[in-house]
Amino acid sequence: MSISLSKGQKIDLTKTNPGLTKVLVGLGWDTNKYDGGKAFDLDASIFCLNSAGKAASEKDFVFYNNTQNPSGSVIHTGDNLTGEGDGDDEQVKVNLATVPPETEKIAFCITIHEAAERSQNFGQVTNAFVRIVNEDTGAELIRYDLGEDFSVETAVVVGELYRHSGEWKFNAVGSGYKEGLAGLCKDYGLM
């Protein structure tokens, strides 16, 4: 049975699911009816972070043009250019057992491609969510629906998988960035 989280809530993932090693992280969204004449292209971006909350190199930034981290433990399954349809718009596979020990946190973000050029922001996005699925069984374990708390933001950190006392946990973050992907890269040590 899936557990629904609220913003800021943290939950144990591997302790309550013994033997869990492979998870699928599904990210989804819809866009409001928009008369600006430009299509929306939202993207999942993943940052593999060390104990200081920084990516060691650009290779630890996983997205549609760099589909996996160096160890292959975090894999982006592909870019969805339209977000059309129900369910996950983009997915990330994480093998918790093979994440390198120096990676203490994996941040899952959604950004709007060319947001400034297209005059788009998360105030025009609805039904954004992140969910964690047991890849072996297909069972949804955790779901966090972001709500519609955003207006001018062009990027959102939706959630984080992180290590604590040898176990993996999940944090429902829901934190927006006006500076988009550039703001995320700066905060995560890539600029």
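The buried residues of helix H2 are covered by elements that include strands S4 (42-49), S5 (61-62), S8 (105-112), S11 (155-164) and S12 (167-177). The model is predicted. H2 spans residues 180-187, and its buried residues are Gly 180, Gly 183, Leu 184 and Cys 185. In an α-helix, residues three or four places apart point the same way, because there are 3.6 residues a turn. Just after H2, Gly 189 adopts a positive phi of about 85 degrees.

S4 and S8 run antiparallel and are joined by eight bridges. Ala 44 stands opposite Ile 110 of S8. Ile 46 has Phe 108 of S8 as its bridge partner. Two bridges link S4 to S5, again in antiparallel fashion. Here Phe 47 stands opposite Phe 61 of S5.

The burial of S4 is complete by residue count. Eight of its eight residues are buried, so the strand is largely enclosed by the rest of the structure. Side chains in a regular strand alternate between the two faces of the sheet. In S4, Leu 42, Ala 44, Ile 46 and Cys 48 point one way. Asp 43, Ser 45, Phe 47 and Leu 49 point the other way. Both sets are buried.

The cysteines were then considered. A disulfide is a covalent bond between the sulfur atoms of two cysteines. With a cut-off of 2.5 Å between the sulfur atoms, the count comes to zero disulfides. Cys 48 is in no disulfide, and the nearest cysteine sulfur, that of Cys 109, is 11 Å away. Cys 48 is buried, at a relative accessible area of 1%. Cys 185 is likewise in no disulfide; for this residue the nearest cysteine sulfur is also that of Cys 109, at 9.1 Å. Cys 185 counts as buried because its relative accessibility is 10%, against a cut-off of under 20%.

A second sheet was also found. It is open and contains six strands, in the order S1-S10-S9-S3-S7-S6. Its pairing is mixed. The edge strands are S1 (3-5) and S6 (74-76), and each of them pairs on one side only. On average, neighbouring strands of this sheet are turned by 20 degrees against each other, direction ignored. Strand S3 (residues 22-31) and strand S7 (residues 90-95) run antiparallel and are joined by six bridges.

The structure holds one cavity of 30 Å³ or more. The largest cavity has a volume of about 40 Å³. Its lining consists of Phe 122, Val 125, Ala 128, Leu 146, Gly 147, Glu 148 and Phe 150.

How values were computed. Residues numbered from 1 in each chain as written. Predicted model: local features only at pLDDT ≥ 70, side-chain atom pairs only at ≥ 80, totals over all residues. Heavy atoms only, no water. Pairing = 2+ DSSP bridges. Helix = DSSP H or I, 4+ residues; strand = E, 2+ residues; numbered from the N terminus. Axes fitted to C-alpha atoms, helices over the stretch in contact; angles between N-to-C directions. Buried < 20%, exposed > 50% of the residue type's maximum accessible area, 1.4 Å probe, protein only. Contact = heavy atoms within 4.5 Å. 1 Å grid on protein atoms, 1.4 Å probe; cavity = no way out; pocket = protein on both sides within 12 Å on 5 of 7 lines; lining within 4 Å. Points joined across faces, edges and corners; volume = space filled by probe spheres on them.
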